Every structure is written in structure tokens, then in C-alpha cells.
Amino acid sequence: RFHHTSTSRLCSCSKTVSDEKYQDPFQLGRKDLKNLYEDIKKELLVSTAELKEMCDYYFDGKGKAFRPMIVVLMARACNIHHNNSREVQASQRSVAIIAEMIHTASLVHDDVIDDANSRRGKMTVNQIWGERKAVLAGDFILSAASVALARIGNTTIISVLTQVIEDLVRGEFLQLGSKENENERFAHYLEKTFKKTASLIANSCKAVSILGCPDPKVHEIAYQYGKNVGIAFQLIDDVLDFTSCADHLGKPAAADLKLGLATGPVLFACRQFPEMNAMIMRRFSKPGDVERARKYVLQSDGVQQTTYLAQRYCHEATREIRKLRPSPEREALIQLTEMVLVRDK
């Protein structure tokens, strides 16, 4: 669950123009997400017991279901905006399911690429079943998501959501490279962040808006909201890698440095400690690099600057979503931008 602070703190940045009262996004979206993981498991009908066990492993219902939550709230907000309908259409709910499947498949593949040994506080698929089988399990989840996507029967939706899979691959390639030029480095990092994290949220939001409302302006609002929230979410993730303990995160702390990745806090810290440039270029591969880089980051204002940047993205997401008609769902989406900033895992 997100770290809940008092309502007053959460609402401080977003005084609502409407008189809609504070809405807990998780309460509001719960009805539409009921049996979400059971429905996902129905999509993963497999003949072999081992593959079924692997596919079900991350769909244990213990995740935050953050992405499906945003998708169903966006669906309702757009439906209300268009014709005052509060119901989530079956096809819109399918998008929420597909988004979670694509996300989970990408986690399985990421863990193989990173040789990770823990995820969400338990061993990774690759650690238990081995890399080869993990790659195949990720592929299988993606193929099941594609079948569910085809079943919606809308070519526009298919093209919007397949863009996510392309972006995930391109984002992973961007992560494998680094830029010599310091000025290009931050743009490279933000592009990678969009492709690996935000594209899924942006395009899923866009997909449900297309299904619920014919107005292209609304599609753009939904896309921009998802994009900005997605980037902010990842920026805070990158901050937590430095500020949260491993037990709390459910994965090792300073994991990104160990993988040779220069995230926001590192890139900001580099401005105060230029000696980090060489470490970034060799991907923190020399003995002692990880510890030194971590120390530099915590001595610098890298964490604060990255958090501030995340706040700016959340502010932009709020600005976009306010263009929709007032509704409890719209307010909950605003609330969600605040929760992204104060989460502690």
C-alpha cells in the first residue's frame, strides 16, 4: 500500500475547485478491480503445471495494482466527462487487465536482464526456475495479453497498446547504453524513464479514453496525465533506491548503482561532484565505486532535486486532469499524484 499521510497534507497542493470530497483512489477503484488477479489467471490458461506456476507467481494479489487502479479511474472520469456514465465498460476493464499483464511480463524479463534475486520481498522467477524458463514465462504472459487485446476488437486500441511493448524494448536498450556528453545524459535518462515506465500508464489511459469518449482532446488529456504520473512514479522509485532500506523496498537498496545505472539522484549529484562522471562512464564497475557514488549522492542535493522534479511532473498531471468535468474519479486521480510523491516503497 501507499504510505498514507493525513488528508490535509495530501490535499495541500490540490485544493479542489469542485465541492467533491476527498476520495481514496483505492476505495473508489476497488469495485472495478475485484477479482482482477483471478481474471488475469483465467487469461493464462496453460497446459504445463510448471509454466502455470511461474505465470501465477507475481499475480499473487499482493501487488499495489497501481496501474489497473489508474486505468479504471481514468475510464470512469472520461465516461462521466462524455455522457455522465459512471460504469466502466467491459473493454475498458480489459485494458486494466492487459496493462497489469504487460507490466508483469516486463518485470519477469527485467529480473533476468538484471540478474535480480528479489522482487516484492520474495525470490525472483529467474532465481527459482532459471533464466531460460523465466524468459519464456515473460513471453507467454505477453502473448496472453496480446490475445486479450485482440479480443477487444478495436484496431486503434491494439495499435495504442502495442506501442507500449515497443517502448519497453527500446527503453531497455536505452538503459544498456550511456551518454558521454553530460548535457545529453539527462534527456537520455528521461526518455528511458518514459519508455520503460510511463508509456504503459500513458497509453493505457489513452486507450480507455478512446473507448469511453470520441473527443481527441480527452484522449490527449488522458495520455498526458498518464505520462506525467508515470515519470514522477519512476523518479520517486529512483529516490527510494537511495533513501529506503532493503526490507522496506522488497529489493536490495542501491540496486541501480550495482547495475551500473545513473538515475536522477546520481545525475544531479554529478553537478556537485564532477568526479562522478568517470564512475558513470565505467558504470560503477571499479571496486568501491558503488559505495562512493552512494555517499556522494547522499551528500549532495540529488535526492531533493529528483523529488522536486517529480513534483513538477505531478503538478503537470494535475493541470491536465483538471480539464475534465469534476467527478469523484477526477479528484481521486489528483489524489493519486499526491500519493505517488509521499509513498515510501
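Predicted model: local features only at pLDDT ≥ 70, side-chain atom pairs only at ≥ 80, totals over all residues.
A residue is called buried here when its relative accessible area is under 20%, exposed when that is over 50%, and partly exposed in between (1.4 Å probe, protein chains only). Residues are numbered from 1 along each chain as its sequence is written, and side-chain values use heavy atoms, with hydrogens and water left out.

Back to Asn 35, which sits in the loop between helix 2 and helix 3 (helices are DSSP runs of H or I with at least four residues, numbered from the N terminus). Most residues other than glycine have a negative phi. Asn 35 is not a glycine, yet its phi is positive, about 60°. Phe 284 is another non-glycine residue with a positive phi, near 50°. You'll find Phe 284 in the loop between helix 15 and helix 16, and at 5% relative accessibility it counts as buried.

Now step into helix 3, residues 36–43, whose buried residues are Leu 36, Tyr 37, Asp 39 and Ile 40. Looking down the axis of helix 3, these fall within an arc of 155°, so they line one face of the helix (the arc is taken from the directions from the helix axis to the C-beta atoms). They pack against helix 2 (25–33), helix 5 (66–83) and helix 6 (90–114), where contact means heavy atoms within 4.5 Å.

Val 125 is buried, with a relative accessible area of 2%. Not counting residues up to four places away in sequence, Val 125 touches Met 54, Tyr 57, Tyr 58, Val 108, Gly 130 and Ala 134.

Helix 10 spans residues 182–212 and includes Thr 197; Lys 192 lies in helix 10 too. Is Lys 192 buried or exposed? At 11% relative accessibility, Lys 192 counts as buried. Lys 192 and Gly 171 are 21 residues apart in sequence, with their C-alpha atoms 4.8 Å apart in space. Thr 197 is buried as well, at 9% relative accessible area. Its side chain makes a polar contact with the side chain of Gln 234, at 2.9 Å. (A polar contact is a pair of N or O atoms within 3.5 Å; within protein, one must be able to donate a hydrogen and the other to accept it, and residues adjacent in sequence count only if both atoms are side-chain atoms.)

Helix 14 (residues 264–272) has seven of its nine residues buried, so it is largely enclosed by the rest of the structure. Among the helices that its buried residues pack against are helix 10, helix 11 (216–243) and helix 17.

That brings us to helix 17 (residues 302–321), which packs with helix 18 (residues 328–342) at an angle of about 180°, their axes 10 Å apart. Helix 17 is therefore roughly antiparallel to helix 18, a label for angles over 145 degrees. Residues of helix 17 including Ala 310, Cys 314 and Ile 321 meet residues of helix 18, among them Arg 330, Leu 333 and Val 340.

Conventions. Axes fitted to C-alpha atoms, helices over the stretch in contact; angles between N-to-C directions. Helix = DSSP H or I, 4+ residues; strand = E, 2+ residues; numbered from the N terminus. Parallel < 35°, antiparallel > 145°, perpendicular 65-115°, else oblique.
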